[in-house]
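Good morning, and thank you for joining this group meeting. I would like to walk through one structure, from its overall layout to some individual residues.

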Amino acid sequence: MPIAYEEVNNLARLPFKFFKRSNYVPKAPTHWHTGIEIDYLVSGEDFKVVIAGQTHHYNSGDIWAIDRTQIHAATGHKDRSYYVMGLIIDNNFLEKEYTSSKNWRIKMDHISRDTASYRQLRKNLITIAELVDQPISDSIRFLILSEFFQMIALIDSEYTEKNCRHNAAKPIFG
């Protein structure tokens, strides 16, 4: 099975790519990219995501992360509808502006919806989704960045396992 490198293009003047896919064609081929991906399944059931060789099943309301350079793919049932939103954070920007992130290993599989951190992360993603639909003026850009940086700080404090190695961006296969 071929593994493609995904060239990620950031939104204009923002340090991430944001995507929303409703009635999502339930298949994303096996690929990887250098940025950290945060996904939120707004609606749909049994969305299958294979990350670094491990299969995960997500349902409406689930949020998960794909750490930098992890090989991943997604599939859903062909007769079901899915609405997925998420972002891929520019790795160069993240490592420059949040230098401790070089040592992150994201641990966000099946996070509990009963926590304040889940509710805050969900709010940040939904607010970013609403804001990126507007023309990106300076004030809208700063509102988006405010939500984005809150999300980065939350991921750092709640969902990372720090490690001392400085080569955390090395590809993870398997």
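How many helices and strands does the secondary structure of the chain come to? The answer is three helices and 11 strands, where helices (H or I, at least four residues) and strands (E, at least two) are DSSP runs numbered from the N terminus. Read from the N terminus, the order of elements is β-β-β-β-β-β-β-β-β-α-β-α-α-β.

A word on the source of the values. This is a predicted model, in which local features need pLDDT of at least 70 and side-chain atom pairs count only at pLDDT 80 or more, while totals for chains, interfaces and linings use all residues. Residues are numbered from 1 along each chain as its sequence is written, and side-chain values use heavy atoms, with hydrogens and water left out.

The chain has 174 residues, of which 47% count as buried. Here buried means under 20% relative accessible area, exposed means over 50%, and partly exposed lies in between, with a 1.4 Å probe and protein chains only. The accessible surface of the chain is about 9,000 Å², and 53% of that belongs to carbon and sulfur atoms; these areas come from the Shrake-Rupley method with a 1.4 Å probe, and for residues only the protein chains shown count as cover. Taking contact to mean heavy atoms within 4.5 Å, 77% of the contacts between residues at least 6 apart in sequence join residues at least 24 apart.

Let us turn to the interior. In soluble globular proteins, nonpolar side chains tend to be buried together. A nonpolar core is a set of buried Ala, Val, Leu, Ile, Met, Phe, Trp, Tyr and Cys residues joined through side-chain atoms within 4.5 Å. The largest one in this model has 32 residues, and the members that touch the most others are I38, I63, L87, M108 and L121. Elements giving two or more residues to this core include β2 (16-22), β4 (36-43), β9 (83-89) and α2 (116-132). The largest share, eight residues, comes from α3.

Leaving aside residues up to four places away in sequence, M108 touches I38, I63, W64, A65, L121, I155 and Y159. Apart from this core lies another, of 14 residues, with A28, L41, Y82 and V84 among them.

With 21 residues, α3 reaches 30 Å from its first C-alpha to its last, close to the 30 Å expected at 1.5 Å a residue, the expected span being 1.5 Å times one less than the number of residues. Among the buried residues of α3 are I144, F148, M151 and I155, and also E147 and D156. The backbone oxygen of D156 lies 2.9 Å from a polar atom of the side chain of T160. T160 is found in strand β11 (residues 160-162) and is buried, at 16% relative accessible area.

Next, the salt bridges. A salt bridge is a side-chain nitrogen of Lys or Arg within 4 Å of a carboxyl oxygen of Asp or Glu, and by this rule there are five. One of them joins the side chains of D133 and K20 (2.5 Å, N to O). D133 is in the loop between α2 and α3 and K20 is in strand β2, 113 residues apart. D133 counts as exposed, at 57% relative accessibility, whereas K20 is partly exposed, at 32%.

Is R68 buried or exposed? R68 counts as buried, because its relative accessibility is 0%. This residue sits in the loop between β7 and β8 (72-75). R68 forms a salt bridge with E95, with the closest N and O atoms 4.0 Å apart. E95 lies in helix α1 (residues 91-97), 27 residues from R68, and is buried as well, at 19%. The side chain of R68 also makes a polar contact with the side chain of N91 (2.7 Å). A polar contact is a pair of N or O atoms within 3.5 Å; within protein, one must be able to donate a hydrogen and the other to accept it, and residues adjacent in sequence count only if both atoms are side-chain atoms.

Finally, some backbone angles. Most residues other than glycine have a negative phi. T69, however, has a positive phi near 60°, and A52 has one near 50°.
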